[in-house]
Amino acid sequence: MSSKSEQARELFLTGANCAQAVVAAFHQECGLTPEQALRLASGFGGGVARLREVCGTVSGMVIVANLLRGYSDPGDKAAKDRHYALIRRLAERFRQETGSVVCRELLGRPADSGPDTPVSEARTPEYYRKRPCAELAALAAGILESELGGSRAD
């Protein structure tokens, strides 16, 4: 397991949400303090505030890729297209490993189960036993590390 993978896994296991675990593992490379990274990703946990849509670890990958390789000129179509191709490549690698990029599917919940309450669950040993999120955060961080090498494209 890569160092970023292990950092993301440990961040989740110490209370960070899934998106925070990925983004905070790359805080230095993104030019953020740990607190800024955690704040930036705070609403993406549980598939965006526990709506169980796009997995927070995938959202975390997108945030990191945006900060390291994103474009800033809205009129630069070539840069936009290159960046979207990168994001799709990251998501596809994740999907190939897991079968989905959707939180509810990764958790094995029925398609019609809808969002959970916005109230987060207590982080108990049982919570960690039934959730794949720590390993998904590690996977996402490893994909980022191999695709981006952790450096800015400035």
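How many residues does helix α4 have, and how far does α4 reach from its first C-alpha to its last? Helix α4 spans residues 56-69, which makes 14 residues, and it reaches 19 Å end to end, close to the 20 Å expected at 1.5 Å a residue (the expected span being 1.5 Å times one less than the number of residues). Helices here are DSSP runs of H or I with at least four residues, numbered from the N terminus. The model is a predicted one, with local features needing pLDDT of at least 70 and side-chain atom pairs counting only at pLDDT 80 or more, while totals for chains, interfaces and linings use all residues. Numbering starts from 1 along each chain as its sequence is written, and side-chain values use heavy atoms, leaving out hydrogens and water.

Helix α4 is largely enclosed by the rest of the structure, because 10 of its 14 residues are buried (under 20% relative accessible area with a 1.4 Å probe, protein chains only; exposed is over 50%, partly exposed in between). Among them are Gly56, Val58, Met61, Ile63 and Leu68. The buried residues of α4 pack against α2 (18-25), α3 (34-41), α5 (77-98) and α8 (133-148), with contact taken as heavy atoms within 4.5 Å.

Leu68 sits in α4 and counts as buried because its relative accessibility is 2%. Between Leu68 and Gly31 there are 9.1 Å in space, C-alpha to C-alpha, though they are 37 residues apart in sequence.

Val48, by contrast, belongs to the loop between α3 and α4. At 33% relative accessibility, Val48 is classed as partly exposed.

How values were computed: Helices (H or I, at least four residues) and strands (E, at least two) are DSSP runs, numbered from the N terminus.
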